[in-house]
Amino acid sequence: MTAEFTPPAAVAGVDAIYRKITWKLIPFLCLCYLAAYLDRINVGLAKLQMASQLELSEAAFGLGAGLFFVGYILFEVPSNLILQRVGARLWIARIMISWGLLSAATMLVTTPFQFYVLRFLLGVAEAGFLPGVLFYLTRWYPSWRRGRMISLFMIGLPLSSIVGAPLSGWIISHFDQHLGLHGWQWMFLLEGAPSVLLGILAVWALPESVQQARWLSDDEKDVISEQLWADKTESGETKHRFRDGFFNLKVWMLGGIDFSILLSAYAMGFWLPTFIRNAGVSNVTDIGLLTAIPSVAALFGMLLISASSDRMRERRWHIIVPFIIGAAAMAASTQYSGHLLATVALFSVAQAAIIGAVPVFFSLPATFLQGTAAATGFALACSLANIAGLVSNSVMGLALDITGSSSGALWFFAVCLLLSSLLVVALPPKLVNR
């Protein structure tokens with residue numbers, strides 16, 4: 001990073017073009033991510049009713065929730081490579097339609113084994129969505145704009161809890177026994193349908209590239225192409241081949257960093273409703289509303305941290321400092337597990353910090369990878385990281401079954417965040433601070 005660098009974005013009129021692109025692409029992609037993440041984590045609220053009916057122990061639920069990530073991990077890299085070959089529009093549509101149908105099909109499970117199978121297949125269906133979208137955004141935005149755009153896309157993550165948690169709680173409470181179905185069955189059915197609809201719309205909403213965007217003039221397309229070329233030129237030597245993405249130490253380091261992020265993120269996403277119930281709240285609708293509060297904090301954290309990172313063109317400390325704050329909040333929460341206000345407040349701080357750093361983290365791979373290497377690198381980092389989904393849910397479920405407390409698991413996740421900060425320090429600042 002050099003003080004005298006003036007990004008091409010300073011040219012008059014470029015900001016207006018990017019505003020047009022952002023309004024055309026980001027709201028739709030954000031809705032898709034909201035639907036994806038909701039279909040992934042709504043099982044946390046469903047658990048409050050379905051666990052007793054399916055005779056699921058805490059450990060069995062943790063295993064079922066975690067099996068999603070086995071399918072996700074196995075098919076992440078192949079899915080992203082297929083996306084690069086067939087195009088983002090068709091492949092993202094396929095992903096969304098299949099996961100929406102499978103999520104809705106969860107309403108039909110009657111045994112733990114069926115629950116395990118559906119969760120695994122849901123992971124297979126969703127594999128490739130997040131890294132695919134991140135790769136897609138590199139075809140539209142240069143690096144100095146990408147952090148903020150990733151944050152705008154990824155606010156679908158906290159929105160899935162802000163909107164989804166109260167909605168899920170309301171559906172479970174108010175639809176229970178309607179037409180002979182349990183509330184959790186209605187939840188899976190009603191929340192799976194939007195994913196299918198958005199998948200169908202993706203075919204029309206997502207141009208494959210700048211040159212295929214009918215809503216851009218030829219002059220506007222030329223300006224954006226120049227922006228992307230300037231970004232590529234500034235980056236110097238970048239890697240393009242499959243092996244450059246797969247056999248790349250920095251990509252594996254990114255996978256380790258994201259692993260620690262997701263250990264904590266999934267612990268909060270899947271288990272926060274249980275923590276709130278254990279703090280004395282019994283009504284499912286109230287639990288859903290309270291679960292949404294930390295997600296509001298996460299939304300503001302994402303927007304503020306990514307905007308600061310883009311403005312300063314600094315990445316590493318915008319990840320390290322939030323990690324330290326988030327780890328401290330999670331560790332402190334173990335001392336107040338029976339106190340509702342403290343539980344909600346501390347997990348709000350944790351989510352604002354940890355989830356807030358996610359868009360900054362996901363701006364890193366494209367600083368040193370291009371083309372097939374970027375598609376592979378995004379997918380590999382996500383695959384390695386999503387092992388955390390299986391580990392996080394299994395560790396938390398075992399901790400609750402064996403000790404009756406989540407403290408040991410939360411301390412473990414906090415320590416992992418601190419250790420991964422060392423991996424962030426090891427990333428070359430001249431490479432990633434762009």
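A pocket, as the word is used here, is an open set of grid points with protein on both sides within 12 Å along at least five of seven lines, and its lining residues have an atom within 4 Å of a point. The model examined is a predicted one. Its largest pocket holds about 490 Å³ of space. Helix H1 (14-41), helix H7 (143-154) and helix H14 (284-312) each give at least two residues to the lining of this pocket, and the largest share, eight residues, comes from H1. In total, 18 residues line the largest pocket, with Thr 22, Arg 145, Arg 148, Met 149 and Leu 152 nearest its centre. Sorted by class, the lining is made up of 10 nonpolar, seven charged and one polar residue.

Next comes a loop residue. Val 281 sits in the loop between helix H13 (249-278) and H14. With a relative accessible area of 12%, Val 281 counts as buried, because that value is under 20%. Leaving aside residues up to four places away in sequence, Val 281 touches Ile 276, Asp 286, Ile 287, Leu 290 and Leu 340. Leu 340 is 59 residues from Val 281 along the sequence, yet the two C-alpha atoms are 8.2 Å apart in space.

As for the cysteines, a disulfide is a covalent bond between the sulfur atoms of two cysteines. The structure has zero of them. Cys 30 is in no disulfide, and the nearest cysteine sulfur, that of Cys 32, is 9.1 Å away. Cys 30 is buried, at a relative accessible area of 9%. Cys 416 is buried too, with a value of 15%.

Notes: Residues are numbered from 1 along each chain as its sequence is written. This is a predicted model: local features need pLDDT of at least 70, side-chain atom pairs count only at pLDDT 80 or more; totals for chains, interfaces and linings use all residues. Side-chain values use heavy atoms; hydrogens and water are left out. A disulfide is a pair of cysteine sulfur atoms within 2.5 Å. Buried means under 20% relative accessible area, exposed over 50%, partly exposed in between (1.4 Å probe, protein chains only). On a 1 Å grid over the protein atoms alone, a cavity is a set of points where a 1.4 Å probe fits but cannot get out, and a pocket is an open set with protein on both sides within 12 Å along at least five of seven lines; lining residues have an atom within 4 Å of a point. Grid points are joined across faces, edges and corners, and a volume is the space filled by probe spheres set on the points. Helices (H or I, at least four residues) and strands (E, at least two) are DSSP runs, numbered from the N terminus. Ala, Val, Leu, Ile, Met, Phe, Trp, Tyr, Cys and Pro count as nonpolar, Asp, Glu, Lys and Arg as charged, and the others, Gly among them, as polar. Contact means heavy atoms within 4.5 Å.
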